[in-house]
Amino acid sequence: MKTLVFLEDHEGKLQKDSLGVLSKAASLDSEVEAVLLGADVEGLAGEAARYGAKRVHVMEDVLLAKPLPQPRVDALETLIRAEGFDTVLFAATVLSADIAAALAARLDAGLNWDLTDVVLDDGKLVGKRPALGDSVYIDVGWTSEPRLALIRSGTFEPAESGGEADVVRFESRLQDFSLAAEMVEQAHEESEGPSIEDADVIVAGGRGLGSPENFALVEELAKALGGAVAATRAVVDAGWYPYAAQVGQTGKTVSPKLYVACGISGAIQHKVGMQSSGLIVAINKDPNAPIFEYADLGVVGDLHEIVPKLTELVRARRAA
Ligand SMILES: Cc1cc2nc3c(=O)[nH]c(=O)nc-3n(C[C@H](O)[C@H](O)[C@H](O)COP(=O)(O)OP(=O)(O)OC[C@H]3O[C@@H](n4cnc5c(N)ncnc54)[C@H](O)[C@@H]3O)c2cc1C
């Protein structure tokens with residue numbers, strides 16, 4: 001197996017999910033290699049080495065400064081053909097999904113996406129993927145090489161394994177048509193506290209909150225616990241909270257130490273995004289709500305009474 005992991009960087013740091021995929025790849029292929037593309041990224045190679053990369057390929061070019069997919073597809077095509085990688089793994093992001101899809105077309109390669117695990121079975125790479133609304137997990141494979149895969153966000157935790165890596169610079173011609181797209185504007189939402197992907201504590205709100213204003217209850221509790229706020233699809237679709245906070249099948253997969261679900265029924269599509277949380281606490285007025293089937297601690301009652309009291313208690317404990 002000759003494996004390459006595409007590492008995405010954001011504001012001068014390697015993205016956590018990329019490092020998670022690299023750590024997993026290192027556990028399957030002790031000679032795993034990584035690639036960094038950007039205007040000024042060589043300084044990140046040491047971090048890649050700490051998470052298992054034995055060799056880090058670097059291409060620096062001002063034309064790679066903006067997070068646009070097509071120039072990256074050119075660079076990856078050059079590298080993969082030159083080095084003969086048979087497996088190329090990506091942590092799923094909007095950028096990586098664009099790159100992986102275009103690269104699959106360029107290389108006439110198979111791309112499996114939304115994988116939640118990759119294992120070796122008799123020396124053969126097998127992907128695990130949810131299907132039928134995440135109700136079953138199926139094995140998927142590839143019929144040709146290179147094998148391309150996008151791993152679902154939040155699937156693998158980065159694990160430091162120490163070590164050093166050879167840093168190898170490479171160059172690639174960037175096609176004219178790949179440079180035709182221009183990034184006109186880039187914006188990101190400012191939010192306080194940790195993001196739901198990184199938070200140890202998440203307080204999530206569902207339709208049981210009753211109105212968008214009541215998200216303040218969830219926000220206050222999250223603030224008191226030093227955590228982040230998440231939401232169900234029902235409230236995101238209703239415009240009560242931004243999509244970036246959605247947890248579940250069509251949102252993010254999270255695995256905090258503590259997940260407090262307020263007014264959430266616990267539908268399977270929500271469960272798949274948070275079931276690997278350390279401790280799940282559910283507050284719901286319906287004792288038959290499905291979330292109680294998998295919550296570690298269930299509180300049956302009205303969240304409008306319970307959540308503010310809980311916030312008060314947490315604040316008092318913290319102040320003591
Ligand atoms: C293809 C597909 C993809 C989907 N993807 C996602 C996804 O990514 N994420 C996601 O979350 N959902 C997803 N869904 C939707 C999912 O099926 C559910 O509809 C959704 O999760 C329900 O959200 P909810 O729990 O906020 O609302 P509801 O199901 O309406 O539950 C509200 C809960 O609040 C409780 N409640 C009401 N008032 C109070 C009160 N005062 N105090 C305490 N409890 C109260 C009720 O008892 C109820 O259990 C998807 C569905 C489909 C078909």
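Residues are described here as buried under 20% relative accessible area, exposed over 50%, and partly exposed in between, with a 1.4 Å probe and protein chains only. By this definition Leu-313 counts as exposed because its relative accessibility is 58%. The structure is a predicted model, in which local features need pLDDT of at least 70 and side-chain atom pairs count only at pLDDT 80 or more, whereas totals for chains, interfaces and linings use all residues. Residues are numbered from 1 along each chain as its sequence is written, and side-chain values use heavy atoms, with hydrogens and water left out.

The ligand is surrounded by 25 residues, a residue being counted if one of its heavy atoms lies within 4 Å of the molecule. The closest are Arg-207, Thr-232, Thr-250, Ser-265 and Asn-284. By residue class, the shell around the ligand divides into five nonpolar, 15 polar and five charged residues. In this scheme Ala, Val, Leu, Ile, Met, Phe, Trp, Tyr, Cys and Pro count as nonpolar, Asp, Glu, Lys and Arg as charged, and the others, Gly among them, as polar.

At Lys-285, a backbone N or O atom is placed 3.1 Å from a nitrogen atom of the ligand. The side chain of His-304 has an N or O atom 3.4 Å from a nitrogen atom of the ligand. Taken alone, the ligand exposes 990 Å², of which the protein buries 76%; these accessible areas come from the Shrake-Rupley method with a 1.4 Å probe, and for residues only the protein chains shown count as cover.

The space taken by the ligand is the second largest pocket. A pocket is defined on a 1 Å grid over the protein atoms alone, as an open set of points with protein on both sides within 12 Å along at least five of seven lines, whereas a cavity is a set of points where a 1.4 Å probe fits but cannot get out; lining residues have an atom within 4 Å of a point. A molecule sits in such a space if more than half of its atoms lie within 2 Å of its grid points. Two or more residues of the shell around the ligand are given by each of helix H6 (233–237), helix H7 (268–274) and helix H8 (303–319). Helices (H or I, at least four residues) and strands (E, at least two) are DSSP runs, numbered from the N terminus.

Helix H8 contains His-304, which is partly exposed because its relative accessible area is 34%. The C-alpha atoms of His-304 and Gln-269 are separated by 25 Å, the two residues being 35 apart along the chain. Leu-313 is also found in helix H8. Between the C-alpha atoms of Leu-313 and Cys-262, 51 residues apart along the chain, the separation is 17 Å.

The side chains of Arg-152 and Asp-114 are joined by a polar contact of 2.8 Å. A polar contact is a pair of N or O atoms within 3.5 Å; within protein, one must be able to donate a hydrogen and the other to accept it, and residues adjacent in sequence count only if both atoms are side-chain atoms. Asp-114 belongs to strand E7 (residues 110–115) and counts as buried because its relative accessibility is 18%.

Backbone geometry was also examined. Asp-114 has phi near 65°, a positive value in a residue other than glycine. A positive phi, near 55°, is likewise found at Asp-122, in the loop between strand E8 (117–121) and strand E9 (124–131). Asp-122 counts as exposed because its relative accessibility is 80%. The peptide bond from Glu-145 to Pro-146 is cis, with omega near -5°, and Pro-146 lies in the loop between strand E10 (136–140) and E11.

Two further buried positions concern Val-260 and Glu-77. Val-260, in strand E15 (residues 258–262), has 4% relative accessibility and so counts as buried. Its C-alpha atom is 9.9 Å from that of Ser-277, 17 residues apart in sequence. Glu-77, in helix H3 (residues 69–83), counts as buried because its relative accessibility is 16%. Glu-77 and Leu-107, 30 residues apart in sequence, are 7.2 Å apart in space, C-alpha to C-alpha.
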